[in-house]
Amino acid sequence: MTDALTLQGYFRSSAAWRVRIALNLKGLAHEHGFRHLRRGEQAMPDYLAKNPQGLVPVLEVPGQGVLAQSLAILEWLEETQPGAKLLPADPWGRARVRALAGIIACDIHPIQNLRVLQYLKRAMGQEQAAIDAFARHWITRGLTAFETRLAEAEAGAFCHGDAPGLADACLVPQLGNARRFGADLAPFPRILRVEAACAALPAFAKAAPEAQPDAE
């Protein structure tokens with residue numbers, strides 16, 4: 001029996017990646033469980049008992065239960081755990097950061113996620129080139145909107161002000177996905193500036209896919 005938080009995830013999952021960033025920003029010790037998405041380990045009965053959706057991540061909280069959905073996990077961490085703040089103090093700032101995070105987590109990520117792209121290939125008979133183009137299209141549209149939002153006065157060195165938070169934890173993993181699909185990031189200088197600021201921080205470096213024990 002352990003009293004530590006346990007994050008069940010996959011090294012390349014951008015949703016798990018954003019939770020790793022948040023845990024690191026908060027300075028929270030945690031253990032890892034691994035579910036290899038391409039081998040279907042997220043569909044095993046023991047995991048479905050934790051998350052009936054069969055998605056990663058889930059956060060196992062001793063004495064309380066299991067949380068699914070990365071944004072809900074990030075909000076719970078913010079509301080219950082000490083350490084760096086993931087959301088600004090003022091209501092307008094919190095709403096702005098949540099809106100930025102939503103561009104990534106609600107609008108871009110779901111339609112370029114593994115299960116969606118596999119369905120396009122297996123059920124719809126699409127060729128890999130068409131599938132990659134589909135992913136790039138939606139990534140580019142979403143990042144275009146995100147870039148425009150970063151031009152607002154509230155932006156600083158990071159997505160909102162001069163400290164990283166919830167929006168940055170969502171943005172950085174999405175850029176990893178964008179590169180995997182060959183998206184052109186040159187039109188997004190503000191986004192790349194934020195990414196560079198994040199990359200200089202240990203919390204982001206420790207959360208990167210290549211730094212995870214299950215990395216391939």
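In this tour, buried means under 20% relative accessible area, exposed means over 50%, and partly exposed lies in between (1.4 Å probe, protein chains only). The model is predicted, so local features are given only at pLDDT of at least 70 and side-chain atom pairs only at pLDDT 80 or more, while totals for chains, interfaces and linings use all residues. Residues are numbered from 1 along each chain as its sequence is written, and side-chain values use heavy atoms, with hydrogens and water left out.

Begin by selecting K121, which is partly exposed with a relative accessible area of 46% and lies in helix α5 (residues 114–122); helices here are DSSP runs of H or I with at least four residues, strands are runs of E with at least two, and both are numbered from the N terminus.

Next, turn to the salt bridges, each defined as a side-chain nitrogen of Lys or Arg within 4 Å of a carboxyl oxygen of Asp or Glu; a search of the whole structure finds nine of them. Select E78 and K26, whose side chains meet at 2.9 Å, N to O. Because E78 lies in helix α3 (residues 70–80) and K26 in helix α1 (residues 14–26), the pair ties together parts that are 52 residues apart in sequence. Both E78 and K26 are buried.

Move on to R35 and D46, which form a salt bridge at 2.7 Å, N to O; R35 is in the loop between β2 (30–34) and α2 (45–48), and D46 is in helix α2, eleven residues apart. Here R35 counts as buried at 9% relative accessibility, whereas D46 is partly exposed at 40%.

Y10 and F11 are edge-to-face, with 4.9 Å centre to centre and 65° between the planes, and both residues are buried. F134 and W138 are also edge-to-face, at 6.5 Å and 70°; both lie in helix α6 (residues 128–150), about one turn of the helix apart.

Technical notes: Phe/Tyr/Trp six-rings, centres within 6.5 Å; stacked < 30°, edge-to-face > 60°.
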